[in-house]
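Dear colleague,

Here is the structure that I promised to hand over, with my notes below it. Please read them with the model open beside you.

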Amino acid sequence: MASDGGFKTAVAAAWDSGARLLPRSPALTVLYFHAVTAEHGRAFEAQIAYLKRTSSIVSAAYEGPLDTLRPNVAVTFDDAFRSVRDHALPVLIEHNIPVTVFVPTGWTGREPAWSRHDKWDGGEVVMSLAELAALPPNLVTLGSHSVDHLHLSRLTDEAIEDQLARSRATLEGALGRPVDLLSLPYGDYDKRVVELAVRVGYRFVFSDRPQMLRQGGKGPLRGRTAVDPTDDLRTFALKSRGAFAWMPAAVRVKAVLNGELQALSPGWRWQQRYH
Ligand SMILES: [Zn+2]
């Protein structure tokens, strides 16, 4: 029996070959990374070189016309780890690639508590505000990843508003420029969280649900596809072409086939492996 990753890649490959045969309207796929360790620097560089060769790369908040011939891709990073500055940024600068980095402002300059049990992020440190302010503003857009990196849907309205408004104010104070993008910790949200984010002044709210964003698409929510330097190039290529946008539905079907009947309930929600 194929591993879960093998299952996903196989179905994505089938989707991708089918989609290439059919005319389709252009779409934008927003990718998100977390850490890029020294060990995986080369693999990351190969992924970025692949995007540069094959795709039209835009910023995550891009709203203009999309490329009709090549995949449209945006690159984002959650958690603002120092390893991204050290091992990813030089590659991104070399290829002139715009990126968005989402900052949990309550953890700047520190190793976050939530990463300690995570095999990908162990030992990672969030950049300090001074380090963030020193990143090149022409390529790096900074967004909020809340203050404390909590599950926002579990908080009261007042606490959600505080997390969203305070992180935004901290970043705007440190950078001296407006901040209007938000990424949801753990991809966790409900209708209330999105409404409060809009009320606080966010233009786009990025989730962890893979999605192909169509041109002229409405609404503040933008789905993203999780990527990692440890993804092999074939899987990474499929993800960048939007082939994983089928995943929430396919994972649900697979769960039902595996006898997980709670996946049939209306409240069942796609759960991402990463945060
Ligand atoms: Zn995070």
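In this predicted model, the zinc ion has as its protein donors Asp-79 (OD), His-145 (NE2) and His-149 (NE2), which lie 2.1 to 2.2 Å from it; donors here are N, O and S atoms within 2.8 Å of the metal (3.2 Å for Na, K and Ca), and water is not among the atoms, so sites may look incomplete. Along the sequence, the donor residues follow the spacing D-x65-H-x3-H. Because Asp-79 sits in the loop between β3 (72-78) and α3 (82-94), and His-145 in the loop between β5 (140-144) and α5 (157-175), the pair ties together parts that are 66 residues apart in sequence. Helices (H or I, at least four residues) and strands (E, at least two) are DSSP runs, numbered from the N terminus. Asp-79 and His-145 are both buried, where buried means under 20% relative accessible area and exposed over 50%, with partly exposed in between (1.4 Å probe, protein chains only).

Turning to α5, its buried residues are Ile-160, Gln-163, Leu-164, Ser-167, Arg-168, Leu-171 and Leu-175. Seen down the axis of α5, these buried residues fall within an arc of 105° (taken from the directions from the helix axis to the C-beta atoms), so they line one face of the helix. On the other side of α5, Glu-158 and Gly-173 are exposed. Just after α5, Gly-176 takes a positive phi of about 70°.

As for the conventions, residues are numbered from 1 along each chain as its sequence is written, and side-chain values use heavy atoms, with hydrogens and water left out. Local features need pLDDT of at least 70 and side-chain atom pairs count only at pLDDT 80 or more, while totals for chains, interfaces and linings use all residues.

Best wishes
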